[in-house]
Amino acid sequence: MQTKAILALADVTQVLDAAQKEAEREGWAITVAVADDGGHLLALRRLDGAAPFTADVAAQKARSAAMGRKETQVFEEMINGGRTAFISAPLQGLLSGGVPIIIDGNVVGAVGISGVKPDQDVQVAKAAVSVITS
């Protein structure tokens, strides 16, 4: 039987805190979502000033990154590169800003960020993930 790592509440809190720290350092109003390896929402934090719709977008980015086992930027680039049929995939949040959390080669969850420009969402997501994977 195989065993797998999972995100504990303490891990999720560290990820949320790291995302908030990075966003506040840059002066950005974002929402951060953390999902488990099946894409199920574990936590969501909307910073002051973040638009209400960012809550849903961040959660969908986290879900897509977890279920797709890759950064959501890959999906966005695929669609923008001409593979428009991928829009019909049963996922939402196919925009940059979703990053999987990979431990020992396995996806244990993902982070989704929404609220700023795509590269800035990615910057915050990667800063959040690094607190667990470093």
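Residues are classed by relative accessible area as buried (under 20%), exposed (over 50%) or partly exposed (in between), with a 1.4 Å probe and protein chains only. The structure is a predicted model, in which local features need pLDDT of at least 70 and side-chain atom pairs count only at pLDDT 80 or more, whereas totals for chains, interfaces and linings use all residues. Residues are numbered from 1 along each chain as its sequence is written, and side-chain values use heavy atoms, with hydrogens and water left out. Helices (H or I, at least four residues) and strands (E, at least two) are DSSP runs, numbered from the N terminus.

The expected span of a helix is taken as 1.5 Å times one less than its number of residues. For the 18 residues of α1 this gives 26 Å, and the end C-alpha atoms are 26 Å apart, in agreement. Buried positions in α1 are V12, V15, L16, A18, A19, E22 and A23. Viewed down the axis of α1, these buried residues fall within an arc of 160°, so they line one face of the helix; the arc is that of the directions from the helix axis to the C-beta atoms. An α-helix has 3.6 residues a turn, so residues three or four places apart point the same way. On the face of α1 turned away from the buried side are the exposed residues L9, A10, K21, E24 and R25. Packing against the buried residues of α1 involves β1 (31-36), β2 (41-46), β3, β4 and α4. Just after α1, G27 adopts a positive phi of about 80°.

Helix α4 comprises residues 118-133, and its 16 residues should span 22 Å at 1.5 Å a residue, which agrees with the 22 Å between its end C-alpha atoms. The buried set in α4 consists of Q120, D121, V122, V124, A125, A128, V129 and I132. Elements covering these buried residues include α1 (9-26), α2 (53-68), α3 (72-80), β3 (98-103) and β4 (106-114).

Salt bridges were assigned where a side-chain nitrogen of Lys or Arg lies within 4 Å of a carboxyl oxygen of Asp or Glu. By this rule there are six salt bridges. One of them joins D17 and R45, with the closest N and O atoms 2.9 Å apart. This pair links distant parts of the chain, since D17 belongs to helix α1 and R45 to strand β2, 28 residues apart. Both partners are partly exposed, D17 at 38% relative accessibility and R45 at 23%.

A further salt bridge connects the side chains of K126 and E71 (3.6 Å, N to O). Here too distant parts of the chain are linked: K126 is in helix α4 and E71 in the loop between α2 and α3, 55 residues apart. K126 has a relative accessible area of 41% and is partly exposed, and E71, at 22%, is also partly exposed. Apart from neighbours within four places in sequence, K126 is in contact (heavy atoms within 4.5 Å) with E71 and V99. By C-alpha positions, K126 and L7 are 16 Å apart in space and 119 residues apart in sequence.

The side chains of E26 and R25 also form a salt bridge (3.1 Å, N to O). E26 is partly exposed at 32% relative accessible area, whereas R25 is exposed at 57%.
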